[in-house]
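Subject: A structure for you to explore

Hello,

Here is the structure I promised to pass on to you. Please open it next to this email and read the two side by side.

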Amino acid sequence: MSISVVELFRGAGGLTYGFEQAGLLVKAGYDIDPECRFPYEHNTGARFFLRDVQELEGADIAEHFFGSAITVLAGCAPCQPFSTYSRRYDDRQSKWLLMQEFARLVEESNPDIAFLENVLPLKFHPVFKKFTAHLARLNYFVKHYRVNCPDYGVPQSRKRLVLFASKFGEIGLFGPTHTP
Ligand SMILES: C[S@@+](CC[C@H](N)C(=O)[O-])C[C@H]1O[C@@H](n2cnc3c(N)ncnc32)[C@H](O)[C@@H]1O
C-alpha cells in the first residue's frame, strides 16, 4: 500500500530521511531557504520546491497525492517563536502565524493524516490550541506526545512534541526502542 507524504518547512531533510527509512514515499516538500536544496536532494530521494508556504494552495499539495492509498501532510514549522532560547533574545517573532498556514493547507488539501514535530513549549502556546481545534473541526482524531529522543535511539538529549491528526482514528506512539 502506498503512503505518500508532502512535507512543509522541509529544511535540510531530517524528517524526510526518517520517513524514507520507515518506507514512506515523500513526493515533494517546500522551503523558502535555497541553501536547503543541496543537503535535501543529496540525502533523500524527494523533490525540493523553493516556495513560501504562505503562497501555497491546497491544490498544489493535492496534485502530489494523486493515486496514493494514504496521504500525509507533514511539517515542522519554525520553532524559534516557541523556544525558550529565542524568546529570551527576540520577542518580535511572528513566525507562529505559519502554524495557521499549516492548518489552512490541511483543510485545503485534505490529507488522511497530518503530522507535526516541534519544541515542547509550543504545547502551552494559544496557537497550538487553535491548531488542534482547527484539525478537530475537520474531523481528525488529534493526539500529541512528548518524545524523549534518546528513548528512540537519537544521540541527542532533546525532548520534542509530536502530533498526529488522523481521519482513521487515534494514532498511538510505540514505546521506547532504546535505553538511554
Ligand atoms: C525547523 S526547520 C525544518 C527542519 C526539517 N523538518 C528537518 O527535519 O530537517 C524549519 C524550516 O522552515 C523554513 N521556513 C520558514 N519560513 C518558511 C515559509 N514561509 N515557507 C516555507 N518554509 C519556511 C525554514 O527555512 C526552515 O528550513
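Predicted model: local features only at pLDDT ≥ 70, side-chain atom pairs only at ≥ 80, totals over all residues.

As background, nonpolar side chains tend to be buried together in soluble globular proteins.

Leaving out residues up to four places away in sequence, alanine 114 touches Leu73, Val106, Leu135, Tyr140 and Ala165.

**Three helices, one side at a time**

Let's start with H6. This helix has 12 residues and reaches 17 Å from its first C-alpha to its last, close to the 16 Å expected at 1.5 Å a residue. Which residues of H6 are buried? They are Phe128, Phe131 and Leu135. These residues cover an arc of only 60 degrees around the axis, so they sit on the same side of H6. The face turned away from that buried side carries the exposed residues Pro126, Lys129, Ala133, Ala136 and Arg137. As for packing, the buried residues of H6 lie against H5, E5, E7 and strand E6 (141–148).

Next comes helix H3, residues 58–65, where Ile61, His64 and Phe65 are buried. Looking down the axis of H3, you would find its buried residues within an arc of 105 degrees, so they line one face of the helix. Ala59 and Glu63, on the other side of H3, are exposed. The packing partners of the buried residues of H3 are E1, E2, E4 and H5. Just after H3, glycine 67 takes a positive phi of about 85 degrees.

**Around the ligand**

Now turn to the ligand. Which of the 19 residues around the ligand come nearest? Those are Phe9, Gly11, Gly14, Asp33 and Val53. By class, the shell has 11 nonpolar, 4 polar and 4 charged residues. H1 and E2 each supply at least two residues of this shell.

**Some residues outside the helices and strands**

Asparagine 110 has a positive phi of about 55 degrees although it is not a glycine. You will find asparagine 110 in the loop between H5 and E5. Because 16 other C-beta atoms lie within 10 Å, asparagine 110 counts as partly exposed. Asparagine 139 also has a positive phi, near 75 degrees, and is placed in the loop between H6 and E6. With 8 other C-beta atoms within 10 Å, asparagine 139 is exposed.

Proline 34 lies in the loop between E2 and helix H2 (37–43). Is proline 34 buried or exposed? It counts as exposed because it has 9 C-beta neighbours inside 10 Å, and a residue is exposed if that number is 12 or fewer. Proline 34 and leucine 8 are 26 residues apart in sequence, and their C-alpha atoms are 14 Å apart in space.

Last, find glycine 169 in the segment after E7. Glycine 169 counts as exposed because it has 8 C-beta neighbours inside 10 Å. From glycine 169 to leucine 15 the separation is 154 residues in sequence and 23 Å in space, C-alpha to C-alpha.

Enjoy exploring!

Best wishes

Terms used:
Residues numbered from 1 in each chain as written. Contact = placed C-beta atoms within 7 Å. Near = placed C-beta within 6 Å. Helix = DSSP H or I, 4+ residues; strand = E, 2+ residues; numbered from the N terminus. Nonpolar A, V, L, I, M, F, W, Y, C, P; charged D, E, K, R; others polar. Expected span 1.5 Å × (residues − 1). Buried ≥ 20, exposed ≤ 12 C-beta atoms within 10 Å, placed from the backbone. Arc of directions from axis to C-beta.
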